[in-house]
Amino acid sequence: MKKIFYTLLVILLLTSCKTEKEKNTITITPNELHSAIDNVVDIMIHDIFSPPVASRVFVYPNIAAYEIIASNNSNYTSLENQVKELTAIPKADTSTPINYQMSALIAHIDVSQRLIHTREKLHAYRDSLYSIWQNKNLQQFEASKTYGLQVAKHIAEWMENDNYNETRTMPKFAVDMNNPSRWQPTPPAYMDGIEPHWNKIRPFAIDSAQQFKPVPPPEFSLDKKSLFYKELKEVYDISMKITEDGDNSEEIAIAQFWDCNPYVSITRGHLMFASKKISPGAHWIGIVKIAALKTNSDFDKTIYAYTKTSIAIADAFISCWDEKYRSNLIRPETLINQHIDENWEPILQTPPFPEYTSGHSVVSGAASIALTNIFGDNFYFDDDTEIPYGLPVRSFNSFSEAADEAAISRMYGGIHYRAAVEVGVKQGRDLGKHVINSLKMTAK
């Protein structure tokens, strides 16, 4: 009986110790990272970040978190000296055990809040996590927080030298009204060209903004036999045909699903207001979340997926915007109103920057290559990214199929010629292949 008593006592004590240890163990899940990014997306929509600027808001926090994960997980390789001018992050003080996933999430949130304007929502989310963590294991929380903020500061210092601040004071784009081939502001808001100096932003994986310079667009001509005019007329003809089909038009559904225009100007009499939505980059960041959840990716792989994809997206915007303001091509809406039908309106509102190449096409091509590299080809997924904006789920058999649909959506929407779409998606895919081939992010 004594033996039984002591055996039971030992088991009870061991169980008690194990329970206490588990009680004080802090587990960081991918859902907490997804929620942090969702909060940032909501803030970017509220603050109306342009598509290029939004790509910058995604990429730096992801790199901060990834570098912490790579420092503690041998499956992943640091981006030090792989992306432009990134040096080694500080080493952790391991005298107190650190939760590296916690540090990564803290760094992610801290770098994010440096890049947005309205911070209250993100701060509330951060503070709710802090409260949970410090109540569970104060010592580990403090050590992990200290390290996460050290890395965030290191990434922020690197970020400050990417020429973004300098481009804030550069002159706005000068419109050439005397050249009929050059871009002009479009209705209804007639806004200035957005981010004309984005090609001066320091790239990440590409050598320069010009590395994936595409072939020039078809030569401008209003001769009805010219390739350019045929592409112009094609935009008009497609628009007229699918508009006749009305609510039953699959093409209109595709155009609206991939619209991703952060600022749609709406006029009601003398009142003008904005309808706000996610940017093209944010849509593909949403697809990263879908893929990570579908594959039950752990925290570290989720960070890896967000980071590789956001680097491809960021470089795609730099590459695309370099071409946009070099070719400076006029939008279909302007020419159709001038030469074909003065009352015609595109299905989508024309965004305020030159036409060639199509930004959504370039970004989609690049993001699809990164995601295929991570999750594989023939990856079926249901894209519910646009549900908050009143649009139904669309399903795809692969990331490549989604990219092709995103590209052609710009023609259906009446905002791009065929060349901008087809050349653009190739430009993005070529850039995406460079990203996955030049950055060694996994040990295998």
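1. The model discussed here is a predicted one, in which local features need pLDDT of at least 70 and side-chain atom pairs count only at pLDDT 80 or more, while totals for chains, interfaces and linings use all residues. Residues are numbered from 1 along each chain as its sequence is written, and side-chain values use heavy atoms, with hydrogens and water left out.

2. On the overall fold, the protein chain has 15 helices and 4 strands, these being DSSP runs numbered from the N terminus (helices H or I, at least four residues; strands E, at least two). The radius of gyration of the protein chain is 25 Å, close to the 22 Å that the globule rule gives for 444 residues, so the chain is as compact as a globular protein of that length; the radius is taken over C-alpha atoms, and the rule is 2.2 Å times the number of residues to the power 0.38. Along the principal axes, the C-alpha atoms fill a box of roughly 100 × 45 × 45 Å.

3. As to burial, 55% of the 444 residues of the protein chain count as buried, with buried meaning under 20% relative accessible area, exposed over 50%, and partly exposed in between (1.4 Å probe, protein chains only). The accessible surface of the protein chain comes to about 19800 Å², and 52% of this belongs to carbon and sulfur atoms; the areas come from the Shrake-Rupley method with a 1.4 Å probe, and for residues only the protein chains shown count as cover.

4. Helix α3 is largely enclosed by the rest of the structure, because 20 of its 22 residues are buried. Its end C-alpha atoms are 33 Å apart, which agrees with the 32 Å that its 22 residues should span at 1.5 Å a residue, the expected span being 1.5 Å times one less than the number of residues.

5. Helix α5 (residues 120–136) has 17 residues and reaches 24 Å from its first C-alpha to its last, close to the 24 Å expected at 1.5 Å a residue. Its buried residues are Leu122, Tyr125, Leu129, Tyr130 and Trp133. Seen down the axis of α5, these fall within an arc of 135°, so they line one face of the helix; the arc is that of the directions from the helix axis to the C-beta atoms. Their cover includes α2 (30–47), α4 and α6 (138–159), whereas Glu120 and Asn135, on the other side of α5, are exposed.

6. Two residues in the loop between α3 and α4 deserve a look. Val83 lies in this loop and is buried, with a relative accessible area of 2%; leaving aside residues up to four places away in sequence, Val83 touches Trp158, Phe204, Ile311 and Leu439. Asn99 is found in the loop between α3 (51–72) and α4 (100–115) and counts as buried at 8% relative accessibility. A polar atom of the Asn99 side chain lies 3.2 Å from the backbone nitrogen of Gln101.

7. Pro187 is placed in the loop between α7 (164–167) and α8 (227–245) and, at 23% relative accessibility, counts as partly exposed. Not counting residues up to four places away in sequence, Pro187 touches Glu333 and Gln349. Pro187 and Thr334 are 147 residues apart in sequence, yet their C-alpha atoms are 8.9 Å apart in space.

Definitions and conventions
Polar contact = N/O pair within 3.5 Å; in protein donor to acceptor, adjacent residues only side chain to side chain. Contact = heavy atoms within 4.5 Å.
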